[in-house]
Amino acid sequence: MRKIDLLFAEYAESHQNHTNKIIHWICIPLIFLSILGFISLIPVPHIFIKFYGYISIASLIAIVLVSLFYFRLSWKIALLMILIMFIFEFIIFHINVSFRPNSWIIFLVIFVLSWIGQFYGHKIEGKKPSFLKDLQFLLVGPIWLLSFILKNWNIKY
């Protein structure tokens, strides 16, 4: 069995409850977005991309590092996650422009409320979050959700 399938199987063990799954569909992308949002606020140079906006060097480094983890598991999932991360960065750019210098508050509220939702979902589930056992599951959660979309589209990852 491939490593990605083993990770998904282990992750799925603590994500069986329907309500917990719905909460994860909402909260995991929001947590991912908020973390990228915090990274975008690191005071480093930003690059301007025409028709896109600005993206920070710190964000690009984070995207590369996360993508390396995903490429080790599946090139298809990695490419899709790169696309998703750049879509999130586009949203983050507009949040930063609209709410600067207070955009960090938006990211903090999203982050805290989403984690409260996650822990509530696991309380319903009756099982601890997977990342408490292994931190790599913080990166597995987003692609676990993406795997369901790919399965619905009959795309093998």
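Does Phe51 count as buried or exposed, and at what relative accessibility? In this predicted model, Phe51 counts as exposed, at 77% relative accessibility. The report below returns to this residue after describing the helices, the core and the aromatic rings.

Helix α4 covers residues 75-99. Its 25 residues should span 36 Å at 1.5 Å a residue, and the C-alpha atoms at its ends are 35 Å apart, which agrees. Ten named positions in this helix deserve attention: Ile77, Ala78, Met81, Met85, Phe88, Glu89, Ile92, Phe93, Ile95 and Asn96 are buried. The packing partners of the buried residues of α4 are α1 (3-13), α2 (18-40), β2 (53-56), α3 (57-73), α5 (103-125) and α6 (137-152).

Helix α3 has 17 residues, and the distance from its first C-alpha to its last is 25 Å, close to the 24 Å expected at 1.5 Å a residue. Its buried residues are Ala58, Ser59, Ala62, Ile63, Val66, Ser67, Phe69, Tyr70 and Leu73. These buried residues pack against α1, α2, β2, α4 and α6.

Ala78 is placed in helix α4 and is buried, with a relative accessible area of 0%. Ser67 lies eleven residues from Ala78 along the chain, yet the C-alpha atoms of the two are separated by 5.7 Å. When residues up to four places away in sequence are not counted, Ala78 touches Ser67, Tyr70 and Phe71.

Ile87 also lies in helix α4. In contrast to Ala78, which is buried, Ile87 counts as partly exposed, at 44% relative accessibility. Between Ile87 and Tyr52, which are 35 residues apart along the chain, the C-alpha separation is 9.5 Å.

## The nonpolar core

The largest nonpolar core has 36 residues, of which Phe8, Phe32, Tyr70, Ile77, Met81 and Ile143 touch the most other members. Helices α1, α2, α3, α4, α5 and α6 each supply at least two residues of this core.

Ile143 shows how such contacts are arranged. Leaving aside residues up to four places away in sequence, Ile143 touches Ile4, Phe8, Tyr70, Leu73, Ile77 and Met81.

## Aromatic rings

The structure holds 17 aromatic pairs. One of them joins Phe38 and Phe107 in an edge-to-face arrangement, with 6.1 Å centre to centre and 70° between the planes. Phe38 lies in helix α2 and Phe107 in helix α5, so this pair ties together parts that are 69 residues apart in sequence. The two partners have separate accessibility classes: Phe38 is partly exposed, with a relative accessible area of 29%, whereas Phe107 is buried, with a relative accessible area of 0%.

Ring pairs also link Phe38 and Phe107 with Phe111, Trp115, Phe119 and Phe131 into a cluster. Another aromatic ring has a charged neighbour: Lys151 lies over the face of Phe148, at 5.6 Å from the ring centre.

## A buried serine in a loop

Ser14 is located in the loop between α1 and α2. Although placed in a loop, Ser14 counts as buried, at 7% relative accessibility. Its side chain makes a polar contact of 2.9 Å with the side chain of Ser130. Not counting residues up to four places away in sequence, Ser14 touches Asn20, His122, Glu125, Lys127, Lys128 and Ser130.

## Backbone exceptions

Most residues other than glycine have a negative phi, and most peptide bonds are trans. A cis peptide bond joins Arg100 and Pro101, with omega of about 10°. Pro101 is found in the loop between α4 and α5.

Phe51 has a positive phi of about 65° although it is not a glycine. Phe51 is found in the loop between β1 (46-49) and β2, and, as stated at the outset, counts as exposed. Asn154 likewise has a positive phi, near 60°, in a residue other than glycine. Asn154 is placed in the segment after α6 and counts as exposed, at 71% relative accessibility.

Methods:
Residues are numbered from 1 along each chain as its sequence is written. This is a predicted model: local features need pLDDT of at least 70, side-chain atom pairs count only at pLDDT 80 or more; totals for chains, interfaces and linings use all residues. Side-chain values use heavy atoms; hydrogens and water are left out. Helices (H or I, at least four residues) and strands (E, at least two) are DSSP runs, numbered from the N terminus. The expected span of a helix is 1.5 Å times one less than its number of residues. Buried means under 20% relative accessible area, exposed over 50%, partly exposed in between (1.4 Å probe, protein chains only). Contact means heavy atoms within 4.5 Å. Rings of Phe, Tyr and Trp (its six-membered ring) pair if their centres lie within 6.5 Å; planes under 30 degrees apart count as stacked, over 60 as edge-to-face and the rest as tilted. A charge sits over a ring if NZ of Lys or CZ of Arg is within 6 Å of the ring centre and within 35 degrees of the ring normal. A polar contact is a pair of N or O atoms within 3.5 Å; within protein, one must be able to donate a hydrogen and the other to accept it, and residues adjacent in sequence count only if both atoms are side-chain atoms. A nonpolar core is a set of buried Ala, Val, Leu, Ile, Met, Phe, Trp, Tyr and Cys residues joined through side-chain atoms within 4.5 Å.
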